[in-house]
Amino acid sequence: MSTLDPVTRHVVTRVKELRRAAGMTQQDLADAMWTEGVQWRRGTVVHAETGKREAVSVQELACLAGVFKASLFALLPPSLCPHCMGKPPLGYTCNRCGQS
């Protein structure tokens, strides 16, 4: 995964974390993406999670957020959150990105 840019690396890491937390298999995620209108197969998920897929499109990112019932900010690096800039006040959690 070392050839990926930092944002894509973070996104695919978050996808893997969210997929596992949801108890989904790679095939489950592929099926859910297909239902959302993005033609992902299990191999697409594997390639994304292992860094063999160099990018995630905006459409794919939006569908992933929908599949996981999360905001786009939950998939992006915390520093990209315009609300808290990745650093909410000590003891607080950002309502938009979930950073604490």
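**Group meeting: helices, core and salt bridges**

Among the elements of the protein chain, mean pLDDT (the predictor's confidence in each residue, from 0 to 100) is lowest in helix 1, at 93, and highest in helix 2, at 97. Helices here are DSSP runs of H or I, at least four residues, numbered from the N terminus. The protein chain averages 89, and 93% of the residues score at least 70.

This is a predicted model: local features need pLDDT of at least 70, side-chain atom pairs count only at pLDDT 80 or more, and totals for chains, interfaces and linings use all residues. Residues are numbered from 1 along each chain as its sequence is written, and side-chain values use heavy atoms, with hydrogens and water left out.

Now the core. A nonpolar core is a set of buried Ala, Val, Leu, Ile, Met, Phe, Trp, Tyr and Cys residues joined through side-chain atoms within 4.5 Å. Buried means under 20% relative accessible area, exposed over 50%, partly exposed in between (1.4 Å probe, protein chains only). The largest one has 18 residues; Val 15, Leu 29, Met 33, Trp 40, Leu 64, Phe 68 and Leu 75 touch the most other members. Helix 4 gives the largest share, five residues.

Next, salt bridges: a side-chain nitrogen of Lys or Arg within 4 Å of a carboxyl oxygen of Asp or Glu. The count is three. Arg 14 pairs with Glu 17 at 2.9 Å, N to O. These two sit three residues apart in helix 1, about one helical turn. Glu 49 bridges to Arg 19, with the closest N and O atoms 2.6 Å apart. That pair links helix 3 to helix 1, 30 residues apart. Glu 49 is buried at 4%, and Arg 19 is buried at 7%.
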